Amino acid sequence: MTAGGFDGVERRGLMFVLSSPSGAGKTTLSRLLIERMPGLKMSVSATTRPMRPGEVDGRDYFFVDKLRFEAMVAQGELLEWATVFDNRYGTPRAPVETALSAGQDVLFDIDWQGTQQLREKARADVVSVFILPPSAADLEKRLHTRAQDSDEVIRGRMSRATHELSHWAEYDYIVVNQNVDDAFAEVQSILKAERLKRERRTGLTEFVRKLQRQLEK
Ligand SMILES: Nc1nc2c(ncn2[C@@H]2O[C@H](COP(=O)(O)OP(=O)(O)O)[C@@H](O)[C@H]2O)c(=O)[nH]1
Ligand SMILES: Nc1ncnc2c1ncn2[C@@H]1O[C@H](COP(=O)(O)OP(=O)(O)O)[C@@H](O)[C@H]1O
């Protein structure tokens, strides 16, 4: 898992995880990150939930039926998986491994159960961010303005928010998404700083040795 650093120092790729109660803004922030941060690739999950208007199969999710999902689990094709809102969600393993070994970082929009599983598998390579809404009223308003779920589904998502929220302390960073631009700038700073962590920069010894040789001349 060696990535070419932007400054010429080799480093390991990282797994950048965003989680939040539904409606807090993970999808919005993920899209901005993918658009604006070179070297970052989205992990597209498989799900058994129905497609929402505007979603595209293979871009937003791989929409599969229960049988196909079970087969993916049985064949070890998923890096992690969980049941959320009575639907199954899971991360296909192969694209993540390919991206990391090609020197890219991978972005995950997954829940706390998936984050725990990734952490168990690759603690040193996981950087996790929990996104909070500014208030419960804002969260509900956002779920309504997204206008993609029925009132009943929205009620379900609101009541699950309390449970999701209870996992905030398991995350490395907490960002309050009041204003999208500010929240994006914060998430972007986290990624930029994490890319510079010494332990991840496997090429540092060689880089510094080269500098020393140049200085000794
Ligand atoms: N563990 C796990 N959770 C996932 C995965 N994909 C999506 N999720 C989570 O499932 C939850 C529901 O996602 P979704 O139905 O798209 O609704 P959203 O919360 O409005 O984005 C969110 O908390 C996602 O982060 C996955 O591959 N694994
Ligand atoms: N800071 C914000 N202020 C106002 N609306 C927002 C903000 N961030 C996201 N939204 C809107 O809230 C809704 C839910 O956001 P989304 O990114 O789909 O959340 P999640 O992926 O966490 O469920 C969307 O309609 C989105 O445009």
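Trainee: Which of the 14 residues around ligand 2 come nearest?

Mentor: A residue counts as near a molecule or strand if its C-beta atom, placed from the backbone, lies within 6 Å of it. Here G25, K26, T27, T28 and R142 come nearest among the 14 residues around ligand 2. Keep in mind that this is a predicted model, in which local features need pLDDT of at least 70 and side-chain atom pairs count only at pLDDT 80 or more, while totals for chains, interfaces and linings use all residues. Residues are numbered from 1 along each chain as its sequence is written, and chains are lettered from A and ligands numbered from 1 in the order in which they are written.

Trainee: Which helices each supply at least two residues of the shell around ligand 2?

Mentor: Helices (H or I, at least four residues) and strands (E, at least two) are DSSP runs, numbered from the N terminus. For ligand 2, α1 (26-36) and α5 (136-146) each supply at least two shell residues. To read the shell by class, count Ala, Val, Leu, Ile, Met, Phe, Trp, Tyr, Cys and Pro as nonpolar, Asp, Glu, Lys and Arg as charged, and the others, Gly among them, as polar; the shell then has 2 nonpolar, 9 polar and 3 charged residues.

Trainee: Which residues does UniProt list for "binding site"?

Mentor: The unreviewed UniProt entry lists S20, P21, S22, G23, A24, G25, K26 and T27; its positions are given in the numbering used here, feature names are shortened, and annotations may be inferred rather than shown by experiment.

Trainee: Is A24 buried or exposed?

Mentor: A residue is buried if 20 or more other C-beta atoms lie within 10 Å of its own, exposed if 12 or fewer, and partly exposed in between, with C-beta atoms placed from the backbone. A24, in the loop between β3 (15-19) and α1, is buried because 27 other C-beta atoms lie within 10 Å. G25, which has its place in the loop between β3 and α1, counts as buried with 25 C-beta neighbours inside 10 Å. Contact requires C-beta atoms, placed from the backbone, within 7 Å; leaving aside neighbours within four places in sequence, A24 is in contact with I131, L132, P133, L139 and N177, and G25 with S20, I131, N177, V180 and A183.

Trainee: What is the order of the strands in the open sheet?

Mentor: Strands of a sheet pair through backbone hydrogen bonds, either parallel or antiparallel. Two strands pair if DSSP finds at least two bridges between them, and this open sheet of 5 strands has the order β4-β9-β3-β10-β11, with parallel pairing. The edge strands, each pairing on one side only, are β4 (40-42) and β11 (173-176). The twist averages 25 degrees from one strand to the next, where axes are lines fitted to C-alpha atoms, for helices over the stretch in contact, and angles run from 0 to 180 degrees between N-to-C directions.

Trainee: How many bridges join β10 to β11?

Mentor: There are 4 bridges between these parallel strands, and F130 has I174 in β11 as its bridge partner. β3 pairs with β10 over 5 bridges in the parallel sense, F16 standing opposite V127 in β10, and with β9 (residues 105-109) over 4 bridges, again parallel. Since 5 of the 7 residues of β10 are buried, β10 is largely enclosed by the rest of the structure. Helix α4 (residues 112-122) lies across β3 and β10 (126-132), running at about 160 degrees to β3.

Conventions. Contact = placed C-beta atoms within 7 Å.
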